[in-house]
Amino acid sequence: MKWFRGWIGVLAAGCVVLQYLTPPIEADTSSPLIYTIRYFSFFTIQSNLFAALVLLVPLIRRGRFAQWLDSAGVRAAALLYLAVTGLIYFALLRHTWDPQGLTYVADRGLHYVVPCLVALEWWFFAAKRGLSRPHLMRWAMFPIAYFCVILIQGAISGFYPYPFFNAAQLGYGQVLLAGVALLGVFMVLGAIIIRVARLRVG
């Protein structure tokens with residue numbers, strides 16, 4: 001179990017690094033600082049980094065932080081964020097660009113392979129007891145904060161990581177509707193995870 005968990009964590013971190021080192025042609029790499037800030041503003045990158053943290057830290061150290069990362073609520077949060085990452089990419093974003101070479105490898109790893117492997121590991125090995133509806137609001141705090149930060153960043157720099165959050169083109173009303181719809185996706189998938197966890201623990 002530990003080797004499988006560790007392997008997934010290393011894969012998630014590795015895909016994040018690979019994607020960073022093989023930017024697509026359309027990415028602005030003229031300023032390393034700006035490129036780095038924009039790269040890490042993608043929810044895909046943040047969800048995969050969070051999953052790597054959750055999977056790897058409890059394997060290499062002890063303490064309250066490691067125990068918290070290994071708790072049922074945090075493990076399920078990592079699964080939820082990756083599930084949304086994969087679903088939204090497949091439904092809305094996969095046709096918006098054409099990654100090639102190593103960028104393609106990293107892209108498929110971040111959006112498909114890692115989410116599927118994390119779901120598999122969670123199904124068989126992760127703690128599930130104690131998950132309940134109050135967890136939904138805790139899990140929603142991160143995407144809500146992310147949405148607010150992205151709008152502020154976009155208003156300042158003009159860069160929006162996702163087309164459905166581009167307030168400059170769509171207007172804040174349309175973007176707000178998109179944010180509410182995506183929050184609904186988080187809540188529905190989170191409720192499904194809680195239900196599955198309850199069935200698994202009996």
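On a 1 Å grid over the protein atoms alone, a cavity is a set of points where a 1.4 Å probe fits but cannot get out, a pocket is an open set with protein on both sides within 12 Å along at least five of seven lines, and lining residues have an atom within 4 Å of a point. The model is predicted, so local features need pLDDT of at least 70 and side-chain atom pairs count only at pLDDT 80 or more, while totals for chains, interfaces and linings use all residues. Residues are numbered from 1 along each chain as its sequence is written, and side-chain values use heavy atoms, with hydrogens and water left out.

The structure holds one cavity of 30 Å³ or more. Volumes here are the space filled by probe spheres set on the grid points, which are joined across faces, edges and corners. The lining of the largest cavity consists of Ala51, Val54, Leu55, Arg75, Ala78, Val118, Glu121 and Trp122. H3, H5 and H6 are the elements that give two or more residues to this lining; helices (H or I, at least four residues) and strands (E, at least two) are DSSP runs, numbered from the N terminus.

The largest pocket is lined by 26 residues, and Pro24, Glu26, Phe42, Phe159 and Pro161 lie nearest its centre. Helix H2 (32-39), H3, H5 and H6 each give two or more residues to the pocket lining.

| Space | Volume |
|---|---|
| Largest cavity | about 40 Å³ |
| Largest pocket | about 770 Å³ |

**Helix H6**

Helix H6 covers residues 101-125, and its 25 residues should span 36 Å at 1.5 Å a residue; the end C-alpha atoms are 34 Å apart, which agrees. The expected span is 1.5 Å times one less than the number of residues. H6 has a kink of about 45° centred on Gly109, the bend being the angle between axes fitted to the seven residues ending at a residue and the seven starting there.

Buried residues of H6 include Thr103, Asp107, Gly109, His111, Pro115, Glu121 and Trp122. Buried means under 20% relative accessible area, exposed over 50%, and partly exposed in between (1.4 Å probe, protein chains only). The buried residues of H6 pack against helix H1 (2-21), helix H3 (43-60), helix H5 (72-93) and helix H9 (172-201).

**Nonpolar core**

A nonpolar core is a set of buried Ala, Val, Leu, Ile, Met, Phe, Trp, Tyr and Cys residues joined through side-chain atoms within 4.5 Å. The largest one has 42 residues, and Trp122, Leu131, Trp139, Phe164 and Phe165 have the most contacts inside it. H1, H3, H5, H6, helix H7 (134-157) and H9 each supply at least two of its residues, with H5 giving the most at 11 residues.

Contact means heavy atoms within 4.5 Å. Not counting residues up to four places away in sequence, Phe165 touches Tyr146, Phe147, Ile150, Leu151, Tyr160, Val175, Gly179 and Leu182.

Asn48 is found in helix H3 and counts as buried because its relative accessibility is 0%. Beyond its neighbours within four places in sequence, Asn48 is in contact with Ala12, Val16, Leu82, Leu110 and Val114.

Gln19 belongs to helix H1 and is buried, with a relative accessible area of 9%. Apart from residues up to four places away in sequence, Gln19 touches Tyr35, Tyr39, Trp97, Thr103, Ala106, Asp107 and Leu110.

Lys128 lies in the loop between H6 and H7, and at 8% relative accessibility Lys128 counts as buried. With residues up to four places away in sequence left out, Lys128 touches Ala72, Trp122, Trp123, Ala197, Arg200 and Val201.
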